[in-house]
Structures are given as structure tokens and as C-alpha cells.
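The sequence and structure are shown first.

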Amino acid sequence: MHRVVVTDYLQPPAWVEERELAGVATVECLQARRTAELAGRIEDADGILLFHEVSLPAELIHRLERCRVIVRGGVGFDNVDLAAARARGITVCHVPDYGVDEVADHAIGLMLAVNRGWVGVERRLRRHLEPWDKRAVEPVSRLAGQTFGVIGLGRIGAATALRARAFRMRVIACDPYLRPGLEKVYGVPLVDLDTLLRESDVVSVHTPLNDETRGLLGSRALSLMKRGAILINTSRGAVVDTEALADALESGHISGAGIDVLPSEPPTGEERLVKLWREDRNPLVNLILTPHTAFYSEEAVMEIRVKAAQEIRRVLGGAPPRNPVEASR
Ligand code: NAI
């Protein structure tokens, strides 16, 4: 019998994983909240399922004695040292196809909420009950006809682009690695990053986090954005330089932002952007933070768990994996 450990996030009993791995492996939930809590607990695992609260750096991977497969229960796999896994012959997989709709809904939801000023108004009116009319949200601009720029026209970016089109927005995208022709399938013209930033009223970020995209939306990129534009990030926190974003929001260059992901989660409260978000100023900064919940629905979580466990079962049984991360890089 193999041993599979679930490093974080899941509370026991892991009945879904136990059902999918019945007869192949035992399953243990380690419930680690920090990477340091993994040492001494994963070395003899044959398979590892990890979510997002911990990472698997090289020093931990080098200590794995029997591991054949690491599955990241989710899309992004920036919390696994891929070179170390490759050096040890460990297959790394992810679950890229569980929550496309949820994240696209969340991105569009953030855009609507920021554009229409929902959250700030709610916060203020709850206390003062006035002004109970459009003065509470002025100015709001019409979304139809505005330009929606998608950075990263992959699964989620494309799903978001199609939703934005339904709002009668003009949609453009930047994606240097898109399979040629897909932009025609989606009906979304490709432009370079600077053009996208200059032309978009709403910029929505959907790239993976890697060496090339870390800090992609920094002060230079933000300064290229239209004055008064909106930024939405549901990808990975570190793709946006949050200090630079705080500057751009304070100066009014960016009129609002909807941010589901932060460079370090959970935040300590010391981060400039988080401080800005918590400040009780008048008018409130038009900034919405959500706690990395874009992926979440009960159905999505169940789909991740089933698909991740099935992937582990396939690899431990000697079958080819369905979603090795190499296919997504
Ligand atoms: P995907 O791999 O299908 O799409 C990513 C796209 O970005 C690809 O088309 C790729 O060519 C493009 N890309 C790569 N580098 C680029 C660059 N420098 N400039 C422009 N485009 C670039 O990934 P998917 O599934 O659409 O996920 C997108 C992001 O959403 C990932 O960062 C993922 O981790 C994140 N995510 C966040 C969730 C949340 O709860 N907030 C849940 C699920 C995914």
C-alpha cells in the first residue's frame, strides 16, 4: 500500500481522496499551515497533494525518499520547486480545469463592483444613511463600449474575455504564448502589452506567476494605463507590484482595483496596499480585496479533490498523468 499525504488546507477525514485511492494508498491530512511544519512528515510519502498554504522548496523535495508524484490541487504551481522535482524524477501535476468559471465570474464581479462603486458606498451608507442617491457613487462611467484588456488569454483569461464581450465591451488581449489562431476562435484581437495598457479602461490579469511575469504590473506598466482605469487581478499576487498599485490608487491615476491575490497570503496588515484598503478615509479608496476566493465554489473544491486524487492514482499505478505541469509552461 502506498502512502499519500495531503500537506495543507484539507481537514480530515479525507473521504474523497480515500474513496478515489481505495486499494492503492492510505491518505493522511497533515494540516500544515507553514512549510516549516512539513519536515519529518513527508519524507516517506509516495504521493503528495498540496494546496496553497505551504510550498515544496528544493530542500524538502531533496529529502523525499519514495515520492513519485506531487499534485498541486489547483492551477498555479509556483509553490513547487520544479527543477528539484525533475532532478528526483518526480512527476508534478496540477488541476487546470476545475474552476475556470468561478475565477472568470469573480474577475467580472470585481470589475462591476469597482466600476459601480458598490462596496465603498455600502460601507459608508451603513453608517450615515446619506446621501441616499447617486451622489453616493458619483462618478460612474458606462461599461458598454469601454475597452477590456486581458493579460494572459488562457483558460480563465478567455472565459473572462467572453463574459466581458457579453457586457458589450471591446475586448483586446496580450498573450505572447497563445497557440496561434485561438484569438480568432475567441474573436479577441491580440496587441502588445504597452498597447493594451494604453487602450484599456479595465485591465484584467490572468497570467501564471513565473520569472517573466513577477512584477509585470509595476510602476512603469501602471503609469502606462489610462488615467482613471481599473485594475483587476485574480491571477497571482506577485504579478502586480502592490506598492506601485497603492501609489497609483492614492494619486488617482488608477481609479479602482479589485484584487483577489496578494504577494504573501494571508496578509499581516503591514502591507501598504492592505493598510490603504483598511483606512477609514473620505472618500474611501475604491479598492476591493477578496481573500483568494476567486476559485471557490463547493462544486469547484469537489472537482479539484476528485481530479487531484485520480491523478495520483494514475501515476502510482504506472499510467501517464493527464495534467503534468510541463504541458502548461
Ligand atoms: P493558463 O495557463 O490557461 O493561462 C495563462 C495564459 O497566460 C497562457 O495563455 C499564457 O500563454 C499566458 N501568459 C504567460 N506568460 C505571459 C505573459 N508574460 N504575458 C501575457 N500572457 C502570458 O492558466 P489559467 O488556468 O487561465 O490561470 C491563470 C492564472 O489564474 C494563474 O496565475 C493561476 O494560478 C490563477 N488562478 C487563480 C485562482 C484564484 O483563486 N484566484 C484560481 C485559479 C487560477
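In this predicted model, the C-alpha centres of domain 1 and domain 2 lie 32 Å apart. The domain assignment of the protein chain gives domain 1 as residues 2–98 together with 297–327, and domain 2 as residues 100–289. Eight residues from domain 1 and five residues from domain 2 take part in the contact.

The size of an interface is often given as the accessible area lost when the parts come together. Between domain 1 and domain 2 this buried area is about 590 Å², and carbon and sulfur atoms give 45% of it. On the domain 1 side, the residues that lose the most area to domain 2 are D78, P96 and Y98, which together account for 55% of what that side buries.

**A helix pair**

Helix α4 (residues 100–115) packs against helix α6 (residues 155–166) with the axes 8 Å apart and an angle of about 50° between them. The crossing of α4 past α6 is right-handed. From α4, the contact is made by V100, D101, V103, A104, D105, A107 and I108; from α6, the partners are R155, I156, A159, T160, R163 and A164. By class, the residues of this contact of α4 with α6 are eight nonpolar, one polar and four charged.

**Backbone details**

Most residues other than glycine have a negative phi, and most peptide bonds are trans. The table lists the exceptions described here.

| Site | Feature | Angle |
|---|---|---|
| P12 to P13 | cis peptide bond | omega near 5° |
| E265 to P266 | cis peptide bond | omega near -5° |
| L129 | positive phi, residue other than glycine | phi near 60° |

Where do these sites fall along the chain? P13 is in the loop between β1 (2–6) and α1 (15–20). P266 lies in the loop that runs between β10 (254–259) and α11 (272–278). L129 has its place in the loop between α5 (118–128) and β6 (147–151).

Key: Residues are numbered from 1 along each chain as its sequence is written. This is a predicted model: local features need pLDDT of at least 70, side-chain atom pairs count only at pLDDT 80 or more; totals for chains, interfaces and linings use all residues. Side-chain values use heavy atoms; hydrogens and water are left out. Axes are lines fitted to C-alpha atoms, for helices over the stretch in contact, and angles run from 0 to 180 degrees between N-to-C directions. Helices (H or I, at least four residues) and strands (E, at least two) are DSSP runs, numbered from the N terminus. A crossing is left-handed if the near helix is turned anticlockwise from the far one by less than a right angle, and right-handed if clockwise. Contact means heavy atoms within 4.5 Å. Ala, Val, Leu, Ile, Met, Phe, Trp, Tyr, Cys and Pro count as nonpolar, Asp, Glu, Lys and Arg as charged, and the others, Gly among them, as polar. Domain bounds come from an automatic or database domain assignment. Buried area is the accessible area (1.4 Å probe) that two parts lose on being put together, summed over both.
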